[in-house]
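Thanks, everyone. Let's look at side-chain contacts today, charges and rings. Here is the model.

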Amino acid sequence: MKYVKVIWHHDFDDEPVSYFHEVGDDNYETRRVQVYRDGHREWADENHETATAGLAEIPIAPVDEITSQPEFDAAEITRDEFETEWSRAQ
C-alpha cells in the first residue's frame, strides 16, 4: 500500500480541499477521506460511500502527474498520517 495526500486549490464552498488516498499495488484506491473547507470529512471504502465520496473507478495517477496540474499539490504520506485522517473521518 501507499498513501497519498492531495490538496486542491479552489474557491468552491461545497467541494473538498484535500483528499487522503490509500492506494493498492494496482494503483486503485482502497480507502479515501475527503476534507472540506468547513472541516467536515467524508470517507469511502469498498463497503461504504456517500453521495459525494466514493472510490475512484480508475487508477490513481502518480504524484508527479497530479502535482503537474497547477490547482493540485500531492505528496506521499505515511500510513500513520492516513490512519489519523481515517479515524477523524469515522
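Is Glu-85 buried or exposed? Keep in mind that this is a predicted model. Glu-85 has 9% relative accessibility, so it counts as buried. Its partner is Arg-88; their side chains meet in a salt bridge, 2.9 Å from N to O. Both residues lie in helix H2, 3 residues apart, about one turn. Arg-88 counts as exposed, at 52% relative accessibility.

Now the network. Glu-22, Arg-31, Arg-79 and Glu-83 are joined by salt bridges that share partners. Within helix H2, Arg-79 and Glu-83 sit 4 residues apart, about one turn of the helix. Their salt bridge is 3.5 Å, N to O. Glu-83 is partly exposed, with 21% relative accessible area.

Another bridge links Arg-32 to Glu-29, with the closest N and O atoms 2.9 Å apart. Here both ends are buried: Arg-32 at 12% relative accessibility, Glu-29 at 6%. The count of salt bridges comes to 6.

On to the rings. The whole structure holds 5 aromatic pairs. Take Tyr-3 and Phe-82: centres 5.4 Å apart, planes at 40°, so the pair is tilted. Tyr-3 is in strand S1 and Phe-82 in helix H2, so the pair ties together parts 79 residues apart in sequence. Both are buried. Phe-82 also pairs with Trp-86: centres 6.0 Å apart, planes at 20°, so this pair is stacked. Trp-86 is buried too.

Ring pairs link Tyr-3, Trp-43, Phe-82 and Trp-86 into a cluster.

The charged end of Arg-31 sits over the ring of Trp-86, 4.7 Å from its centre. Arg-31 also belongs to the salt-bridge network.

How values were computed. Residues are numbered from 1 along each chain as its sequence is written. This is a predicted model: local features need pLDDT of at least 70, side-chain atom pairs count only at pLDDT 80 or more; totals for chains, interfaces and linings use all residues. Side-chain values use heavy atoms; hydrogens and water are left out. Rings of Phe, Tyr and Trp (its six-membered ring) pair if their centres lie within 6.5 Å; planes under 30 degrees apart count as stacked, over 60 as edge-to-face and the rest as tilted. Helices (H or I, at least four residues) and strands (E, at least two) are DSSP runs, numbered from the N terminus. Buried means under 20% relative accessible area, exposed over 50%, partly exposed in between (1.4 Å probe, protein chains only). A charge sits over a ring if NZ of Lys or CZ of Arg is within 6 Å of the ring centre and within 35 degrees of the ring normal. A salt bridge is a side-chain nitrogen of Lys or Arg within 4 Å of a carboxyl oxygen of Asp or Glu.
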